[in-house]
Amino acid sequence: MSTGILVLIGYTIVILGIAFYAARKDEKNIADFATADSSLGIFVLTLTLSATYHSAYAFLGAPGFIYTHGVGWWANGIWTVFPGVLFWIIGRRFWLMGKRYGYISIAQFMSDVYESDLVGLLITGITLVFTIPYVAMQAIGSGYIFEAISGGLLSYEMGTLFFFALMIVLVWMGGMKGVAITDAAQGVFMWIGLVVGSFIIIRTNFPSVSNAYLEAFKVIPEHFSLPGPNGTLTMADWISRWSVITIGMMMFPHIMLRFFSGKSLKVLKWSSVFSSIYLTSIYVFTPAVGLIGNLLMPGLAAPDTVFPEMLLQYTPILFASLVIAGALAASMSTGDSQLHAVGSMLTTDVYKKYVNREASDNQQYRVAKIVILGLGVVSIIVALMRPGLLGNILALSNGGVASLAPAVLGGIYWPKANKQGAIASIIIGEAVMLLTTFVVTPPLGLMPGLWGMLVALVVYVAVCPRFPSSDRAVELIGEIREFFYQ
Amino acid sequence: MKGTEKLVYGLLILVLLMVNPPILGLVNAYAKTTPFTLGYPTLWMWLQLWYFIGIVVFLIGAIRLKSWQKEYPEVNKK
């Protein structure tokens, strides 16, 4: 049996052990399953937010993108610093409302603030549709990782199926607590794997990091400025990429659920600050690794595999396997959180509301588990179809949910908010996003997700003042302002 | 919103402006003629500097701003 497979077995045992520990604390009701009853502390919330936010992309997509398009990739830095800022500035408002009125999902809050079930249903449906490809992206990453770590002994298909099984077990065993605690462990694993692994690859081949950059520049100078060697990173692409991903990411249920999960505002604040630090530091050597990949492994057919390929070639097999298991941790921590979030959301916002209004907490808890299994199956089917490059899937998923931003943010900031504005904004924004993705070329080189978000904003601002404000929005926004500013 | 809070938000917006067009375009043009600064890629250094400033501003806000220090009293849910 290869070292890689032994490491995988060890990783699985450790993660399952942690999940088992978390499961012992599971209260077996929907509030505990969905938000850990708002009990997470700074350490766990920081790492579950960070590890959930950055996924297989950190190990595979990011080095692959730099390998192909150059140092301009670091536009991504905006979405490592600012998500923490947004998580605090926006998240504290949702946290307060959750604490005061018991919301455990954004759709619940949105239905209430807009006094419209349709708004909640739209939020649930759209986030569900665009989360599935995102979970599939994690499974695709895992498939690649399994192939690499086992030296080809385990196939891509086996990797995705193993990923699916482990993910379901983790979510089933401990709900939010289980997911969050295993995420925390995986977050530590991710940081060590990415930072230490990258550093070792660089130092094995070059006397210093700056020398690695210098040698790369001699061969691929066009990678050191915008728009990169293929002309991809234009200014329009830059603005689109950071805005859609930074704002879009905040709209995903697995991130929103964490707004409600902190033990206190202090926990939420410091977790936000530390997640900005964690996410920015994790990529400190990634640009150098992606660039020197062009020297050490030129012409890779699948650039997304450049980091694991270099690890296997330039570091001892045991170390490489451990680091690649860190990549698996990154995929797993995002995938299980996403499945958990949409499962919880469908249960509280659809099953409880439209199927069985009398459902007890325990019934909802059991239904959530079944829903998660079903969604997991759909995601894996998508992954087995190998739908495309990780970066493209990320952009499509984020673009899809970014159009929700004006309505979601309006509900906590704008007293003129009303359901007419929210519904029109969501439907027209999504239509524009889909139109510019699949039918027409997006104008001005901006990404479809940004067009969807901009049009959604214009529609929201234009429609809301034409109808009476939602009384509940006025009341809740007033409460938020009074709490934080008086 | 008090003056200090406005300053924190203002600085965070400044960070965003510094890492976006048109300023980014000027830095990129400079990076084409001077690809390295202190041994590292100029473009990367510029971005890294402003991201670092962004984190420091966020940290200062977390420590200093009164509206960021609020804590919710443990009372029953409504």
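Which domains does the domain assignment of chain A give?

1. The assignment gives domain 1 (3–387) and domain 2 (403–486) of chain A. Domain bounds come from an automatic or database domain assignment. This is a predicted model: local features need pLDDT of at least 70, side-chain atom pairs count only at pLDDT 80 or more, and totals for chains, interfaces and linings use all residues. Residues are numbered from 1 along each chain as its sequence is written, and chains are lettered from A and ligands numbered from 1 in the order in which they are written.

2. The centres of domain 1 and domain 2 of chain A, taken over C-alpha atoms, are 26 Å apart. The two domains touch: 27 residues of domain 1 of chain A contact 26 residues of domain 2 of chain A. Contact here means C-beta atoms, placed from the backbone, within 7 Å.

3. On the side of domain 1 of chain A that touches domain 2, helices H6 (91–101), H7 (106–113), H8 (117–149) and H11 (235–251) of chain A give two or more residues each. Helices are DSSP runs (H or I, at least four residues), numbered from the N terminus. H11(A) gives the largest share, nine residues.

4. Next, chain A against chain B. The contact takes 36 residues from chain A and 30 residues from chain B. Among the helices of chain A that each supply at least two residues are H5 (78–89), H10 (209–219) and H22 (471–485). H13(A) provides the largest share of the chain A side, eight residues.
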